[in-house]
Amino acid sequence: MSYATINVQGMSCGGCASKVKNALEALNGVQGVQVTLETGLVNVEYNETGKANPDVFRDTVEGLAFDVVA
């Protein structure tokens with residue numbers, strides 16, 4: 001099992017957090033997602049595959065019009 005933490009900017013409400021959580025959970029290989037709205041941190045637990053890795057997580061979140069920062 002692998003873990004990744006990404007910092008997401010632009011989430012301002014529970015709906016934003018749910019949108020990010022649901023999009024990441026829909027990726028094949030993702031086992032769990034925890035979003036902390038106050039800090040913008042998103043923790044992802046996953047089995048590393050072509051469709052589940054930090055680059056894909058970044059692309060998925062940015063596709064929702066949120067910014068991912070280092």
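Which backbone nitrogen does the side chain of Asn-53 reach, and at what distance?

Modeller: The side chain of Asn-53 reaches the backbone nitrogen of Asp-55 at 3.0 Å. Before going on, note that this is a predicted model, in which local features need pLDDT of at least 70 and side-chain atom pairs count only at pLDDT 80 or more, while totals for chains, interfaces and linings use all residues. Residues are numbered from 1 along each chain as its sequence is written, and side-chain values use heavy atoms, with hydrogens and water left out.

The pair just named is a polar contact, defined as N or O atoms within 3.5 Å; within protein, one must be able to donate a hydrogen and the other to accept it, and residues adjacent in sequence count only if both atoms are side-chain atoms. It is a side-chain oxygen of Asn-53 that takes part, at the start of helix 2. Asn-53 itself is in the loop between strand 3 and helix 2. Helices (H or I, at least four residues) and strands (E, at least two) are DSSP runs, numbered from the N terminus. With a relative accessible area of 15%, Asn-53 is buried. Buried means under 20% relative accessible area, exposed over 50%, and partly exposed in between (1.4 Å probe, protein chains only). Apart from neighbours within four places in sequence, Asn-53 is in contact with Tyr-46 and Glu-48; contact means heavy atoms within 4.5 Å.

Next comes the helix. The buried residues of helix 2 are Phe-57, Thr-60 and Val-61. Seen down the axis of helix 2, these residues fall within an arc of 95°, so they line one face of the helix. The arc is taken from the directions that run from the helix axis to the C-beta atoms. An α-helix has 3.6 residues a turn, so residues three or four places apart point the same way. On the face turned away from the buried side, helix 2 carries the exposed residues Asp-55 and Asp-59.

What does the buried side pack against? The buried residues of helix 2 pack against strand 1, helix 1, strand 2, strand 3 and strand 4 (67-69). Val-61, for one, touches Ile-6, Val-8, Val-20, Leu-24, Phe-66 and Val-68, not counting residues up to four places away in sequence.

Phe-57 and Val-61 are also among the residues with the most contacts inside the largest nonpolar core, which has 18 residues. Such a core is a set of buried Ala, Val, Leu, Ile, Met, Phe, Trp, Tyr and Cys residues joined through side-chain atoms within 4.5 Å. At least two core residues come from each of strand 1 (2-9), helix 1 (14-25), strand 2 (30-36), strand 3 (41-46) and helix 2 (54-62).

The strands in that list belong to an open sheet of 4 strands in the order 2-3-1-4, with antiparallel pairing. Strands pair if DSSP finds at least two bridges between them. Strand 2 and strand 4 are the edge strands, each pairing on one side only. From one strand to the next, the twist averages 30°. Helix 2 lies across strand 1, strand 2, strand 3 and strand 4, running at about 30° to strand 1. Here axes are lines fitted to C-alpha atoms, for helices over the stretch in contact, and angles run from 0 to 180 degrees between N-to-C directions. Helix 1 lies across strand 1, strand 2 and strand 3, at about 165° to strand 2.
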